[in-house]
Amino acid sequence: MASLHDQSFNREAWVRMGLVAVAIVGVGGLIFGSVTAHRRMVEVPRLLEARHSEPVGNPGRVTTQIAQLGAEAVETLTDDVRDGKRPVAERRKSLEVVSGIDDPRVLPLLGEALQSDDVGLRLAAIAGVVRHGKPAGADLLWATLPKVDEWQRQRVIIALGLVAAGGDIAKLVTSATATSGDERVLFAWAAGQAQRRKTDLDQIGRLPPAPLPQDDDDERRIQAEVDAVLTSIAAGEAVAENGLKLARLTAIEFGTWDQAHQISYQTIAVRGPMSLRGGGKIERDRPSGPQGLELKRVPVGVKVE
C-alpha cells in the first residue's frame, strides 16, 4: 500500500498528463477535420456529379443519398432547374431530387417550375409539390390551375387533395359544386382525401390506401358503392361527405417516391376498381430503394393493387 506521504505523482506528472490529453484531443480534431474535408471536397462533389445518372422516377442509391445531403445539395440542384440550356430530363431529375429535401428554398423553386413552358418540367413540379408535402404548396397549385390544359388540370386537382389543409378543403368542395363531369369527381375526391388526413391516419401517421378487392365479387361490391357515390356527386349531393366516401373507396398508395406516376394513376382509379381492368398495376408497397417501377398487364379477373 502506497504511503500517504508518497510525492511521486507531483505537479510535473500532472503537467505531463495534461499534455498527453491535449495531444489526444488534437489528434482527434485532425481526424475529424480530415474526414469532414474529405466529405466536403471529395465525396459530396463526386455524388453530385452523378446526380443525373438515374432516370426520373427512380429512387436509386444516388437519388437517395443526394436527397439526404439536404441543404448541401440545394444550390447545385436549383442551378440545374433554372438552367434552360440543360436537357429537360436533367432539369426534371434535379427538380425531383430537390423536392425531397426539407429546405425553405425548395417551395419557391417548385413554384417557378410550375410556371415553366415545358410540360415535362411542369408535371415534375406538380409531383414535387406533393413529394415536398407542405400545405403551403396548395397555393402554388391553385395558381397553376387556370394556366394548364384539361389533362394537366386533372393532375393538379389530385395533387391538391394530397397537400391541401384547412380552408383549402372548403375551397375544393366549392370548386366541385361549380364544375361538372370528371373535374367535379376529381375535386370531390381531392376534398375527401384532404379530409382523410384529419380522420384516417393510422398509428404511425400514415394515410392508408383503399382496401383491395379480395375477389371478383368483392370487386363488384366495391364498384357498386363507388358508382352510387359518383351518382350522388354528379347530382351535387353532399359533396364533402361523398368526396370522403369516394377517397376511402378509391385512394391508391402515395407513400412512394414516384408521385408523378401515382398522381396519373389516381385520375383513373377514382372511377373505381373496374376502371383499372387491363391497366398498369401499381406496386403498392414498392420499396424506396434503387428499383424501377414495374408495369404489368393485369388479366380480367385478377385483383388490381
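Student: How many helices and how many strands are there in the chain?
Tutor: In this predicted model, the elements read from the N terminus onward run α-α-α-α-α-α-α-α-α-α-α-α-α. The count for the chain is therefore zero strands, by the DSSP runs used to define them, and 13 helices.

Student: What percentage of the residues of the chain count as buried?
Tutor: The accessible surface of the chain comes to about 15900 Å², and carbon and sulfur atoms hold 57% of that surface. Among contacts with a separation of 6 or more, 65% join residues 24 or more positions apart. With burial taken as under 20% relative accessible area, the part of the 305 residues that counts as buried is 45%.

Student: Which residues of helix α4 are buried, and which helices are included in what covers them?
Tutor: Helix α4 spans residues 88–98, and its buried residues are Arg 91, Lys 93, Ser 94, Leu 95, Glu 96, Val 97 and Val 98. What covers these buried residues of α4 includes α2 (61–69), α3 (71–82), α5 (106–114) and α6.

Student: Which element gives the largest share of the lining of the largest pocket?
Tutor: The largest pocket has a volume of about 480 Å³, and its lining is made up of 24 residues, with Val 130, Leu 162, Arg 197, Leu 207 and Phe 254 lying nearest its centre. The elements that give two or more residues to this lining are α6 (119–132), α8 (150–163) and α10. The largest share, three residues, comes from α10.

Student: Is Gly 181 buried, partly exposed or exposed?
Tutor: Gly 181 lies in helix α10, and its C-alpha atom is separated by 9.5 Å from that of Ile 233, a residue 52 positions away along the chain. Buried requires under 20% relative accessible area and exposed over 50%, so Gly 181, at 48% relative accessibility, counts as partly exposed.

Student: Which side chain of opposite charge is nearest to Arg 184, and how far away is it?
Tutor: Arg 184 lies in helix α10, which covers residues 181–199, and leaving aside neighbours within four places in sequence, Arg 184 is in contact with Ala 176, Thr 177, Thr 179, Ile 233, Ala 234, Ala 235 and Gly 236. Arg 184 is buried yet has no salt bridge, and a salt bridge would need a side-chain nitrogen within 4 Å of a carboxyl oxygen. The nearest side chain of opposite charge to Arg 184 is that of Glu 237, at 9.4 Å.

Key: Residues are numbered from 1 along each chain as its sequence is written. This is a predicted model: local features need pLDDT of at least 70, side-chain atom pairs count only at pLDDT 80 or more; totals for chains, interfaces and linings use all residues. Side-chain values use heavy atoms; hydrogens and water are left out. Helices (H or I, at least four residues) and strands (E, at least two) are DSSP runs, numbered from the N terminus. Buried means under 20% relative accessible area, exposed over 50%, partly exposed in between (1.4 Å probe, protein chains only). Lys and Arg count as positive and Asp and Glu as negative; His and the chain ends are not counted. Contact means heavy atoms within 4.5 Å. Accessible areas come from the Shrake-Rupley method with a 1.4 Å probe; for residues, only the protein chains shown count as cover. On a 1 Å grid over the protein atoms alone, a cavity is a set of points where a 1.4 Å probe fits but cannot get out, and a pocket is an open set with protein on both sides within 12 Å along at least five of seven lines; lining residues have an atom within 4 Å of a point. Grid points are joined across faces, edges and corners, and a volume is the space filled by probe spheres set on the points.
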